[in-house]
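Please look at the charged side chains in the structure below.

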Amino acid sequence: KTGKTGWVCTVEVRVQAAGNPSVAPAGSARVVRFPQPFEQPPGTQEADLVLGQFDFTSRITDATSRTMASPAGLAMTPEGQLLVSDSVHNRVLLFAPPFENGKVASRVFGQPDESSTGSGNALNRMKSPRGIALDPGHRLYVCDANNNRVMIFSDIQKPVGDPSAVLVISGLKSPRDVYIDSTTGESWITDTNHGFVRKYPR
């Protein structure tokens with residue numbers, strides 16, 4: 001399903017400082033934004049921005065800098081950049097403001113370029129990435145679910161071609177989400193198939 005009001009299988013929501021939630025409906029291959037929904041009249045809310053597709057009605061799942069197949073996780077930087085894990089294409093995309101419908105991603109993690117989709121277990125490859133998060137040092141945490149690990153990339157504000165993770169948290173089984181405490185820097189990871197939530201120090 002496409003459009004401004006309905007999608008398939010919503011898996012993640014993040015809210016900007018301005019109060020605009022971004023929603024990742026995985027089955028609709030896009031991320032959509034709502035303009036301050038609690039300030040709008042009652043009733044069905046309409047999205048005002050779509051990323052991962054050219055417009056609200058398209059559904060193209062090829063791997064490009066403007067399209068995605070299955071968004072699974074969202075994270076936002078204090079500067080307003082949006083990161084999206086695209087699990088089917090084994091990558092994380094970074095979109096920088098100002099935003100517009102069909103915006104081109106400015107960086108990709110997990111692939112050598114925007115059109116590649118291969119999986120792997122090297123430090124610069126992923127296999128079905130899910131939840132993502134950022135810590136206060138702009139380090140990117142990626143739940144690399146089918147490699148049973150969480151990858152940590154250094155400061156995402158420093159452009160590097162085909163970046164590699166600088167640290168890996170292993171010993172997990174299909175981790176699906178990660179939360180970073182912005183005050184303490186501690187990370188909380190859902191170790192899904194082990195049936196735990198694990199906390200790690202900064």
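**Charged pairs and their burial**

Asp 191 has a relative accessible area of 0% and is therefore buried, a term that stands for under 20% relative accessible area, with exposed meaning over 50% and partly exposed in between (1.4 Å probe, protein chains only). This is a predicted model, in which local features need pLDDT of at least 70 and side-chain atom pairs count only at pLDDT 80 or more, while totals for chains, interfaces and linings use all residues. Residues are numbered from 1 along each chain as its sequence is written, and side-chain values use heavy atoms, with hydrogens and water left out.

Side chains of opposite charge can pair when their charged atoms come close. The term salt bridge is used here for a side-chain nitrogen of Lys or Arg within 4 Å of a carboxyl oxygen of Asp or Glu. By that rule the model has seven salt bridges.

One of them joins Asp 191 to Arg 198, with 2.7 Å between the closest N and O atoms. Arg 198 is partly exposed, because its relative accessibility is 28%.

Asp 135 and Arg 139 also form a salt bridge, at 2.7 Å from N to O. Here Asp 135 counts as buried because its relative accessibility is 9%, whereas Arg 139, at 29%, is partly exposed.

What is the burial state of Arg 91? Arg 91 has 0% relative accessibility, so it counts as buried. Its salt-bridge partner is Asp 86, and the closest N and O atoms of the pair lie 3.1 Å apart. Asp 86 is buried as well, since its relative accessible area is 0%.
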